[in-house]
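I opened this model to look up its overall build first. After that I went through a few side chains one at a time.

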Amino acid sequence: MGTVETAKGEETGASAAEGRKDALTIKDERTGRVYEVPIKHGTIRAMDLRQIKTSPDDFGLMTYDPAFMNTAHCTSRITYIDGDKGILQYRGYPIDVLAEKCTYLEVAYLLLYGELPNRKQYDEWVHAITYHTMIHESLKKVMDAFNYDAHPMGMLIATVAAMSTFYPEGRDVHDPAVRTKQVHRLIAKMPTIAAFAYKHSMGMPYVYPSNDLDYTSNFLTMLFKTPAENYKPNPTLVRALDILFILHADHEQNCGTNAMRGIGSAHTDPYSALAGAAAALYGPLHGGANEEVLKMLAEIGSISRVPEFIKEVKEGKGEKRLMGFGHRVYKNFDPRAKIIKRMAEEVFEVTGRNPLLDIALELERIALQDDYFVKRKLYPNVDFYSGLIYQAIGLPTAAFTVLFAIPRTSGWLAQWGELLEDPEEKIARPRQVYLGASERPFKAMDKR
Ligand code: ACO
């Protein structure tokens, strides 16, 4: 071994007791040099690799990690996931406990402020949200301008982005009081925008929010009340939707949250950043999957067609996927899917059984026994059953991802606030490995 270039590793914990260091020794076979880089929280800092060079003008070693398969890009104290054990916790509380005992707004407060609210804090919080649910009439006109068949998620993304022009003070992202105001506005107005998008797609008049209703009852009322008929939401459906909101509120560094943090790192206002996060969520590999699940179940059409469909997925070798199956992090089961599956039965007692449920159950049963899915650790994810519940509640498939975006707003905003308070954060700017042409002479157009 050559000389050790750096020795920053500290002796801590179990390693220290055994006379070892929390450090990684790396030998560069190109030069014979040996480096020691500290290990903290099970990670090494990518910047510690930069010192590893073959010559003084070498840029230094980088890591290559497409799709961030093994890169932590931030520290966070919001959501904990252990994908192998199927654990999901918000601020240390297990998801099933929160789903059983809390309202969505209580959980949103927990995500944003780190602690469950006491009665006074909760009442003030609910009041602040309730009194920000109206949207500006001009914002309503922005929504009016969409074509009759506009996808509700496209409308939501564009309308949230447009909100930045209504609240220009939101650009002062370093003022905590200003941030709090935008948090109230966004959490309060998302259901209104979502419901207006739905009404627009149905060619029906918008229903304004009612301050005498709780968050979720108000949302359902804005969706289903019409000028011709009153609407009283069923308490079982209200509670089911509220639980779905809790389950979807945050999921640490997923694709949408990464977009929120990436855009937020440029100190962009929260409306524009959140529109970007929602755009990521729209994708069929992310929040758009619940819509795809329903399309898939409808395409399968009957229980007898399930084996044939599974065969097509397997033969498609990744081209055709079993939507609502698989997860980047959960490789055992998705704890949210378990809760949703149980809840689906309660909802169907009120709404009547969704005929697609039997196809879904059969699909799950066969897939969980099949070597292809077992070997790849593919299990139902949060989206596998949520769409069936949304459909039972009476929502069209195109509105499903919008229902995901409403609660995820609290998670996005919690992550955004954490980013802005983190002294280590800077503008997110990954590196690349350039494999293109090296410098070459320019050719005039007539010589090409
Ligand atoms: N159906 C069939 N095969 C699958 C599926 C699926 N749903 N998901 C993964 N695979 C296969 C892949 O083809 C691959 O096979 P290979 O090793 O033979 O090449 C293997 O399993 C690993 O898949 P990756 O794509 O590498 O896994 P990754 O972690 O990148 O993807 C993802 C995770 C995007 C969720 C994927 O499982 C998927 O596309 N699922 C369907 C879409 C879906 O339900 N998305 C919702 C996720 S939850 C959420 O975002 C809220």
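**Entry 1: overall build**

I started with the secondary structure and found 18 helices and six strands in the protein. I note here that the model is predicted.

Next I looked up the dimensions. Along the principal axes, the C-alpha atoms fill a box of roughly 80 × 70 × 55 Å. For 448 residues, a compact globule would have a radius of gyration near 22 Å, and the 25 Å of this protein agrees with that.

Then I turned to burial and surface. Of the 448 residues, 47% count as buried. The protein exposes about 22,800 Å². Carbon and sulfur atoms supply 54% of that area.

Residues 24 or more positions apart account for 70% of them.

**Entry 2: helix H15**

I picked helix H15, residues 355-369, and asked which of its residues are buried. They are Leu356, Leu357, Ile359, Ala360, Glu362, Leu363, Glu364, Ile366 and Ala367. I noted that Glu362 and Glu364 are on that list.

What covers the buried residues of H15? The cover includes helix H12 (289-300), helix H13 (306-316) and helix H14 (335-351). It also includes helix H16 (371-375) and helix H17 (382-393).

I then looked at the start of H15. There, a side-chain oxygen of Asn354 comes to within 3.0 Å of the backbone nitrogen of Leu356.

**Entry 3: aromatic rings**

How many aromatic pairs does the model hold? The count comes to 17.

I followed up on Tyr198 and Phe224, one of these pairs. Their ring centres are 6.1 Å apart, with 75° between the planes, and the pair is edge-to-face. Tyr198 sits in helix H7 (residues 176-202) and Phe224 in helix H8 (residues 215-224). The two are 26 residues apart, and the pair links distant parts of the chain. Tyr198 has a relative accessible area of 6%, so I logged this residue as buried.

I went on to Phe384 and Tyr385. Their ring centres lie 5.0 Å apart and their planes meet at 85°, so this pair is edge-to-face. Are Phe384 and Tyr385 buried or exposed? Both are buried. They also belong to one aromatic cluster, together with Phe325, Tyr372 and Phe373.

**Entry 4: charges over rings**

I looked for charged side chains above ring faces. Arg376 lies over the face of Tyr372, at 3.8 Å from the ring centre. Tyr372 is one of the cluster residues from the entry above. The charged end of Lys338 sits over the ring of Phe333, 4.0 Å from its centre.

**Entry 5: Ser410**

I found Ser410 in helix H18, residues 400-421. Its relative accessibility is 0%, so Ser410 counts as buried.

Which side chain does Ser410 join in a polar contact? The partner is Tyr104, at 2.9 Å. I left aside the neighbours of Ser410 within four places in sequence and listed its other contacts. These are Tyr104, Ala108, Leu111, Leu112, Ile187 and Ala249.

**Entry 6: Thr221**

I went back to helix H8, where Thr221 has its place. Thr221 has a relative accessible area of 5%, under the 20% cut-off, so I logged Thr221 as buried.

Where does the side chain of Thr221 reach? It reaches the backbone oxygen of Ser217, at 2.6 Å. Not counting residues up to four places away in sequence, Thr221 touches Val207, Leu213, Tyr231 and Pro233.

**Entry 7: positive phi**

Most residues other than glycine have a negative phi.

Phe68 has a phi near 50°, a positive value in a residue other than glycine. I located Phe68 in the loop between strand E3 (33-38) and strand E4 (79-82). With a relative accessible area of 44%, Phe68 is partly exposed.

His267 also came up, with a positive phi near 65°. His267 lies in the loop between helix H10 (255-264) and helix H11 (270-282). Its relative accessible area is 41%, so I logged His267 as partly exposed.

Note on methods: Residues are numbered from 1 along each chain as its sequence is written. Side-chain values use heavy atoms; hydrogens and water are left out. Rings of Phe, Tyr and Trp (its six-membered ring) pair if their centres lie within 6.5 Å; planes under 30 degrees apart count as stacked, over 60 as edge-to-face and the rest as tilted. Helices (H or I, at least four residues) and strands (E, at least two) are DSSP runs, numbered from the N terminus. Buried means under 20% relative accessible area, exposed over 50%, partly exposed in between (1.4 Å probe, protein chains only). A charge sits over a ring if NZ of Lys or CZ of Arg is within 6 Å of the ring centre and within 35 degrees of the ring normal. The radius of gyration is taken over C-alpha atoms; the globule rule is 2.2 Å times the number of residues to the power 0.38. Contact means heavy atoms within 4.5 Å. Accessible areas come from the Shrake-Rupley method with a 1.4 Å probe; for residues, only the protein chains shown count as cover. A polar contact is a pair of N or O atoms within 3.5 Å; within protein, one must be able to donate a hydrogen and the other to accept it, and residues adjacent in sequence count only if both atoms are side-chain atoms.
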